[in-house]
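Hello,

Here is the structure I promised to pass on. Please open it alongside this note; my findings follow below.

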Amino acid sequence: MRAAAAAAFVVLALAASGCGSGVGRVESGPADTSKGKALFIERCGACHTLKEANGTGTVGPNLDEALKGKDAAFIHESIVDPNKEIAAGYPKDLMPGNFGTSLSPKQIDDLVALLSQAANG
């Protein structure tokens, strides 16, 4: 019985940590907007509008508007620390605060590249 409980705990822990999902995988190289777009569609598009990725979510800010003129550093910070500067009209803690740990640095770079391109042409 203890072995079964321990095995179940390990499976749950691996699932919660993203094992098998690509999360935590070490990647390197230049930022890739096409990977950023795929990631946006998968993880962000349900909540945010972004024309470039066909995102039509309305839970969070329209990123075509909210990020216009913002630099890559601001966009990066908005992903990893979303409560640092909150878009007008939105409450604190609306966006999950764990993207800095649940996404790899490469995934964040890819997402920032896409969002920078979309916001600033």
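Asp64 touches Thr49, Leu50 and Lys51, leaving out residues up to four places away in sequence; contact here means heavy atoms within 4.5 Å. Asp64 sits in helix α3, residues 63-66. Helices are DSSP runs (H or I, at least four residues), numbered from the N terminus. Asp64 is buried but has no salt bridge. Buried means under 20% relative accessible area with a 1.4 Å probe, protein chains only. A salt bridge needs a side-chain nitrogen of Lys or Arg within 4 Å of a carboxyl oxygen of Asp or Glu. The nearest side chain of opposite charge is Lys51, 5.8 Å away. The Asp64 side chain does reach the backbone nitrogen of Lys51, at 2.8 Å.

A note on the source: this is a predicted model, where local features need pLDDT of at least 70, side-chain atom pairs count only at pLDDT 80 or more, and totals for chains, interfaces and linings use all residues. Residues are numbered from 1 along each chain as its sequence is written, and side-chain values use heavy atoms, without hydrogens and water.

Next, the core. The largest nonpolar core has 18 residues; Leu50, Ile79 and Leu111 are among those touching the most other members. Such a core is a set of buried Ala, Val, Leu, Ile, Met, Phe, Trp, Tyr and Cys residues joined through side-chain atoms within 4.5 Å. Its largest share, six residues, comes from α6.

Last, α4. Phe74, Ile75, Ser78 and Ile79 are buried there. They pack against α5 (99-102) and α6.

Best wishes

Note on methods. Buried < 20%, exposed > 50% of the residue type's maximum accessible area, 1.4 Å probe, protein only. Helix = DSSP H or I, 4+ residues; strand = E, 2+ residues; numbered from the N terminus. Lys, Arg positive; Asp, Glu negative; His and termini not counted. Polar contact = N/O pair within 3.5 Å; in protein donor to acceptor, adjacent residues only side chain to side chain.
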